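Here is a briefing on one structure.

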Amino acid sequence: MALKETLKQKIEEHRPRTTRLVKEFGKVIIDQVTIDQCIGGARDIRCLVTDISYLDPQEGIRFRGKTIPETFEALPKAPGSDYPTVESFWYFLLTGEVPTQAQVDEVVAEWKVRQEVPQYVFDAIRALPKESHPMVMLSVGILALQKDSKFCGFYNSGKFNKMNAWEYVYEDAYDLVARIPVIAAFIYNLKYRGDKQIGIDKGADCGANFARMIGQCKEYEDVARMYFILHSDHESGNVSAHTTHLVHSALSDPYYAYSAGLNGLAGPLHGLANQEVLDWTIKFQEKYCKDVEPTKELVTKALWDTLNSGQVIPGYGHAVLRKTDPRYTSQREFCLKTPGLKDDPLFKLVAMIFEVAPGVLMEHGKAKNPWPNVDAQSGVIQWYYGVKEWDFYTVLFGVGRALGCMANITWDRGLGYAIERPKSVTTPMLEKWAEEG
Ligand code: NMX
Ligand code: MLT
């Protein structure tokens, strides 16, 4: 069955479960809210639903019930590669089913049709000052696509109905995931390669095409596939996924919603941490290792200098995870099995930071999770392959994250989730409840 038919069947099968939960069990209590959660970023409050992925604090992420190694193992691979295509992963995220090779081939073919980006998007990006951060360019590019939103068109057609609204979200979502790598490649070439643009390779899958569009080597094709899949989804409470869900809950179309999500991803406590990691590491080399090899003692000193100046150690800590992020481990394993990369001085330094930083953070005593997250390992791979412009790294995160956010909002509409509108209270109210105990 083709992707849309499979998804339609899945959504229709799922709807009665959601309806029954609300009608028959709507008042069952699944959590309570404390004052520190209210003030402290709603941490750990169970109030969002998604079946696309689940984040266990100890184990890390599972996409559609599968761990990262299980996901890579199960999905059909790109020709001649150990990694699945992004297209097969898109099918899997949307439907929860491992596609057959024939189903993947269909998605790859449809992806190619959808990936053409209208010229006005490039013109809008080009109109920005060249010094603009590439995340601004990406967010503007996605927002510019809004003009042709099929969901918005359906809403304005006078024929809008809740039962098939998801089909129009699906159309936009699919267009968006197919186009965002092309927009990202355009930004890369515009900013860092003297505007030497490379056209779409119509014979290539998403990962291979992205590598070719930014002038990269064959080996980078797997880097792109791995990177986009690993960054795709992290259940729905993280800033980018939650923002996308929130904005779309007002029936803003997928372009408005994901442009907003990207603006959240651009924060240093979220996706921007991957560029901060590289910045920190390179500055460490310049400041401490001009004439000497890095040592654990030097790394320890630099980490304490960072903490003592009131800054966070980028790439370490997490709001939910309490162990090393399996996305970190997966990328580290990629480095260890890649000749050249495993002996690369920067990789060795990142590995040394991994040996030292958790101990320093434990001694510091603030971070609830002293272990590395996805961002601690991602930049060094890009650097090794020559993508040294680290302010571009969050754009790569944003290309991957589009897959999860778009799968999520397609299902949001499929299941008719309501506009999100939590209730706020005042400080005097909290003080009163505090006194009453
Ligand atoms: N370095 C120094 N202090 C830290 C760190 C860290 N890496 N992580 C947490 N803390 C501090 C945090 O600032 C807070 O201090 P204070 O009480 O003074 O406000 C305290 O430890 C408790 O914070 P947690 O509850 O452990 O962490 P929280 O859930 O609030 O925040 C992060 C999670 C990820 C924002 C935080 O760990 C952090 O800032 N990490 C560094 C930035 C980073 O790597 N972000 C990327 C996350 C993954 N991603 O891609 O989005
Ligand atoms: C993410 O991938 O979104 C980050 O790890 C942050 C999070 O999960 O809160």
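Where is the place of Asp44? Asp44 sits in the loop between α2 (35–39) and β1. Helices (H or I, at least four residues) and strands (E, at least two) are DSSP runs, numbered from the N terminus.

This is a predicted model; local features need pLDDT of at least 70, side-chain atom pairs count only at pLDDT 80 or more, and totals for chains, interfaces and linings use all residues. Residues are numbered from 1 along each chain as its sequence is written, while chains are lettered from A and ligands numbered from 1 in the order in which they are written.

**Overall form**
- The protein chain has 20 helices and two strands.
- Its radius of gyration is 22 Å, which agrees with the value near 22 Å for a compact globule of 437 residues. The radius is taken over C-alpha atoms, and the globule rule is 2.2 Å times the number of residues to the power 0.38.
- Along the principal axes, the C-alpha atoms fill a box of roughly 70 × 65 × 45 Å.
- Of the 437 residues, 45% are buried. Buried means that 20 or more other C-beta atoms lie within 10 Å of the residue's own; exposed means 12 or fewer, and partly exposed is in between, with C-beta atoms placed from the backbone.
- Among contacts between residues at least 6 apart in sequence, 74% join residues at least 24 apart. A contact requires C-beta atoms, placed from the backbone, within 7 Å.

**Core**
- The largest nonpolar core has 113 residues, of which Leu176 and Val177 touch the most other members. Helix α9 (residues 165–192) gives this core its largest share, 17 residues.
- Such a core is a set of buried Ala, Val, Leu, Ile, Met, Phe, Trp, Tyr and Cys residues joined through C-beta atoms within 7 Å.
- Beyond four places in sequence, the residues touched by Leu176 include Ile142, Pro254, Tyr258 and Met406.

- In α4 (residues 86–95), 10 of 10 residues are buried. Among them are Glu87, Trp90 and Thr95.
- Gly96 follows α4 and has a positive phi, near 80°.
- Glu276 lies in α14 (residues 273–288). Glu276 counts as buried because it has 21 C-beta neighbours inside 10 Å.
- Leaving aside neighbours within four places in sequence, Glu276 contacts Pro268 and Pro314. Its C-alpha is 9.3 Å from that of Gly379, 103 residues apart along the chain.

**Hairpin**
- β1 (residues 53–56) and β2 (residues 60–63) pair in the antiparallel sense over four bridges. Pairing requires at least two DSSP bridges.
- Three residues lie between the two strands of this hairpin.
- Ser53 stands opposite Phe63 in β2.

**Positive phi**
- Most residues other than glycine have a negative phi.
- Asp44 has a positive phi of about 70°. Asp44 is partly exposed, with 14 other C-beta atoms within 10 Å.
- Glu235 has a positive phi near 45°. Glu235 lies in the loop between α11 (220–230) and α12 (239–249), and is buried, with 20 other C-beta atoms within 10 Å.

**Ligands**
- Ligand 1 is surrounded by 20 residues; the closest are Ala273, Gly317, Ala319, Lys366 and Ala367. A residue counts if its C-beta atom, placed from the backbone, lies within 6 Å.
- The shell of ligand 1 has 10 nonpolar, seven polar and three charged residues. Ala, Val, Leu, Ile, Met, Phe, Trp, Tyr, Cys and Pro count as nonpolar, Asp, Glu, Lys and Arg as charged, and the others, Gly among them, as polar.
- Around ligand 2 are His234, Asn238, His270, Ala319, Val320, Asn373 and Val374. This shell has three nonpolar, four polar and no charged residues.

Notes: Two residues are in contact if their C-beta atoms, placed from the backbone, lie within 7 Å.
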